[in-house]
Each structure stands twice: as structure tokens, then as C-alpha cells.
Amino acid sequence: MGAMREEKQSHHIRPGRGEGNGAPGVVITRSNPVAPDPRVEKIARALQGKGYQVSIVAWDRSGQFVDQESLEGMHIRRLPIIAEYGRGLANLIPLVRWQVELLRWLWIHRHEFTVIHACDFDTVLPAFVMKQLNKKIVVYDVFDFYADMLRATPEWIKRLVRKVDLWVMGRVDGVILVDHCRLEQIKGSHPKSLAIVYNTPEDIADKLAGSTRFKKPESQLHIVFVGLLQVERGLFDLSDVLDKHPEWSLDIAGFGGDQDQIVERVEDRENVRFLGRVAYQDALALNQTADVLFAMYDPGILNHRFASPNKLFEAMMLGKPIIVASGTGMDQIVTSEGCGIVIPYGERNSLEQALMKLANQPDLREALGSAARRAYEEKYSWLHQKSTIFEFYANL
């Protein structure tokens with residue numbers, strides 16, 4: 001499943017206030033092992049570069065990662081609590097254990113930070129308790145609206161989670177969203193402070209241009225998908241289209257609850273490679289080899305209608321065209337910036353026609369890619385997002 005980071009010597013958490021500049025300590029909480037988690041790592045680097053003392057507490061659901069390590073001067077502490085992704089109520093006991101252990105860690109280390117940057121609903125409740133008990137500042141960073149992304153969970157539980165989520169948004173010190181379209185999704189909440197921080201990558205396009213990490217296949221059109229492996233991401237349709245076009249090629253990388261089904265579907269196809277879980281830098285290097293990137297989300301899933309995945313902005317940074325589904329948060333940006341092709345989700349013929357157009361018109365690929373890069377530089381670069389984060393923190 002890809003290389004895991006090696007444990008390094010420094011396990012000491014830095015003091016709660018920065019040296020020399022009075023910047024407070026920040027702990028970022030995340031319910032995955034951060035191995036990798038591009039958004040968490042970018043935010044951590046940005047805050048650290050601004051003088052904050054940053055640590056990360058993460059949930060290791062596999063128990064296979066090192067408990068502690070130092071990443072670019074930031075301490076990562078992983079809590080090993082075994083659970084699987086996408087299991088609904090079957091994960092209830094591990095989820096409760098995670099909440100308890102996270103709260104316990106925050107309490108024990110309460111003198112080492114001033115701000116809790118809580119990522120998603122499954123870390124914000126322990127952070128909110130610390131706000132009440134110990135007057136911590138809580139930033140609630142909503143990567144995904146939790147109630148709308150639950151799978152295999154009864155509707156009454158989703159409604160309860162939604163109600164609590166909207167309630168807590170009005171009682172923390174500030175809320176960060178990944179896209180303006182998410183404002184509709186959190187209607188009914190009343191944040192004290194709100195910022196939009198797009199899920200864009202740092203600009204390493206020049207560095208990746210000379211990368212030899214992955215070799216581009218000899219094919220008329222090379223497609224790349226890197227992300228969460230779920231059947232709702234259109235990968236079955238894509239693999240079936242590839243079956244009709246042996247002159248094209250597809251690389252798939254990632255992990256997720258439907259990984260076994262997806263691997264079984266593609267493993268015997270000569271023009272499809274499955275690369276498993278890859279480090280983030282490798283994911284970008286793999287994307288660099290693509291003629292077109294693929295990011296189809298089923299708009300029938302409420303959370304997908306507001307999706308703002310990093311794949312769209314990675315395509316912009318790399319100057320690559322992208323194919324997305326209509327009725328999702330991405331289609332408006334792709335249409336307005338002219339940086340890809342929007343098609344109806346689940347319509348295999350439309351997908352095939354879009355890929356044929358890109359395969360037969362290299363000039364079109366070049367034009368879409370140039371528009372993507374221009375949009376990144378003018379509106380969506382990580383430099384723009386960092387400025388928003390710094391202003392948001394300063395106002396807190």
C-alpha cells in the first residue's frame with residue numbers, strides 16, 4: 001500500500017508559544033494517519049512558516065504507522081485505534097474510542113498549545129470540550145460535511161449528526177470551508193468567523209516537469225486517477241471504456257472502502273495499472289504524466305454536489321485538462337475557467353466521446369491545460385490560500 005514514513009529521533013512537542021514572536025502553539029487534529037494528508041500538511045507548513053509552533057494528532061486506523069515522528073520540524077502523534085473506512089455503524093465503537101483518546105491527549109498536553117485546528121466533525125467535539133474546560137481557541141476546518149458523507153448509516157443518525165454539526169459551528173471561534181458552494185451545505189449554522197480556503201496544492205510544477213518517477217505509457221491518450229477508491233467515483237465506467245480502447249491507458253492510485261472491487265475490475269486489463277497507495281509527491285508526479293485527469297463524483301450523493309477535491313486544483317497547478325461530472329461543486333469552476341470537460345455522471349457514452357475528443361485533438365488538450373494553469377496563478381494558488389489563513393488566524 002505504498003511506503004510509510006520512517007520514524008525519526010525527535011518526539012518532543014515544542015512549547016505552546018513560539019519563540020521570540022509570541023505566536024501561539026497550534027495542534028491540528030485529523031481522523032486519518034496523515035500519511036499523507038496534503039491539506040493538513042500544507043496548513044501545518046504555512047502556520048509553522050508564519051511562526052506558530054505546530055503539532056498534529058492523527059488517527060491510525062490500521063495500526064501500521066509509527067506512533068510518533070517529526071515531519072519538517074512538526075511533531076506528529078498517531079493514536080492507533082483499529083477501524084475500517086466506510087463501515088457505518090460497524091465503526092461506532094472505534095469512533096467513540098478515537099474521540100475519548102483524542103480528548104485525553106488534548107487534556108494531557110493542554111499547556112503546549114493555544115489553538116486547536118480541528119479537521120472535520122470527527123475531531124471537533126473533543127476540541128469543543130477543551131474550549132469549554134480550558135478556554136482553547138477552536139478553528140473548525142470542514143473538509144467534508146460529515147452527515148452528507150456517511151455511508152451505510154441510518155437516516156436518523158445522519159439528521160442528528162447534521163443538527164449537532166451546525167450547532168457546534170456557531171460556538172467555535174471560527175469555521176473554514178473548502179469552497180464557496182459549501183455555504184449552501186451549512187445553511188442554518190451561524191459561525192462567528194468564516195473563511196474559504198480552497199484545497200489547492202503548492203506550486204511545484206517546474207520541479208515535477210523533469211520528474212522520472214513514473215514512466216508515461218506508450219498510448220494515444222493517458223488518463224490518471226489518484227484518490228479515494230469508491231464505486232461512486234466513476235471508475236467502473238472508466239475501466240469499461242478503456243476496455244473498448246486498447247490504444248488508451250489508465251493509471252489508478254489510492255485506497256478506500258471499495259478498493260477490492262475496483263482492483264478486481266481492472267487487474268486483468270493490459271492498459272490499466274493499479275499502483276495502490278502512493279505518497280503525495282508521487283501522486284503529483286503520476287498526475288504529471290497524464291494527458292487528462294479524471295475526477296467524477298456521483299451528484300446523487302449530497303456531499304458530492306459540494307465537492308471541491310484537490311484533484312481539480314492539482315490539474316490547474318500542473319496545467320492538465322480534467323473531466324468532471326455535472327451537478328458537482330467542480331463543474332462550475334471547470335466551466336467558468338474553461339479548463340476541462342463536464343459530462344453527466346454515469347453516462348458511459350458521454351465519457352467515451354469526451355475522451356475521444358481529447359485523444360484526437362492534442363491542441364484542445366493544450367488549450368484546456370493552459371487555461372487551467374492561468375486560473376491557478378490568478379485565483380487559486382496556494383499563495384492566495386495562505387494569505388487567507390494568516391488573515392483568519394490574525395483576526396482570531
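In which loop is the place of Asp 268? Asp 268 lies in the loop between helix H9 (259–266) and strand E11 (272–274), where helices (H or I, at least four residues) and strands (E, at least two) are DSSP runs numbered from the N terminus. The structure is a predicted model, in which local features need pLDDT of at least 70 and side-chain atom pairs count only at pLDDT 80 or more, while totals for chains, interfaces and linings use all residues. Residues are numbered from 1 along each chain as its sequence is written, and side-chain values use heavy atoms, with hydrogens and water left out.

Asp 268 counts as exposed because its relative accessibility is 69%; buried means under 20% relative accessible area, exposed over 50%, and partly exposed in between (1.4 Å probe, protein chains only). Together with Asp 260, Glu 264 and Glu 267, Asp 268 belongs to a patch of negative charge on the surface. Patches are made of residues with over 30% relative accessible area and no salt bridge, like charges being joined within 9 Å and nonpolar side chains (Val, Leu, Ile, Met, Phe, Trp, Tyr) within 5 Å.

Side chains of opposite charge can pair when their charged atoms come close. A salt bridge is taken as a side-chain nitrogen of Lys or Arg within 4 Å of a carboxyl oxygen of Asp or Glu, and the count by this rule comes to 23. One of them joins Asp 141 and Arg 39, with the closest N and O atoms 3.3 Å apart. This pair links distant parts of the chain, since Asp 141 is in strand E6 (residues 137–142) and Arg 39 is in helix H1 (residues 38–49), 102 residues apart. Asp 141 counts as buried because its relative accessibility is 0%, and Arg 39 counts as buried because its value is 3%.

A salt bridge is also formed between the side chains of Lys 131 and Asp 173 (3.0 Å, N to O). Here too distant parts of the chain are linked: Lys 131 is in helix H3 (residues 121–134), and Asp 173 is in the loop between H5 and E7, 42 residues apart. That loop runs between helix H5 (155–169) and strand E7 (174–177). Lys 131 is buried, with a relative accessible area of 17%. The side chain of Asp 173 has a polar atom 2.8 Å from the backbone nitrogen of Val 138.

Within helix H14 (residues 362–380), Glu 377 and Arg 373 lie four residues apart, about one turn of the helix. Their side chains meet in a salt bridge (2.9 Å, N to O). Glu 377 counts as partly exposed, at 47% relative accessibility.

Most residues other than glycine have a negative phi, and most peptide bonds are trans. The peptide bond from Ala 35 to Pro 36 is cis, with omega near 0 degrees, and Pro 36 is placed in the loop between strand E1 (25–30) and H1. Glu 72, which is not a glycine, has a positive phi of about 55 degrees. Glu 72 occupies the loop between strand E3 (68–71) and strand E4 (74–80) and is partly exposed, with a relative accessible area of 47%. A positive phi, near 60 degrees, is also found at Lys 135, in the loop between H3 and E6. Lys 135 is exposed, with a relative accessible area of 75%.

Note on methods. Accessible areas come from the Shrake-Rupley method with a 1.4 Å probe; for residues, only the protein chains shown count as cover. Lys and Arg count as positive and Asp and Glu as negative; His and the chain ends are not counted. The place of a charge is taken as NZ of Lys, CZ of Arg, CG of Asp or CD of Glu. A polar contact is a pair of N or O atoms within 3.5 Å; within protein, one must be able to donate a hydrogen and the other to accept it, and residues adjacent in sequence count only if both atoms are side-chain atoms.
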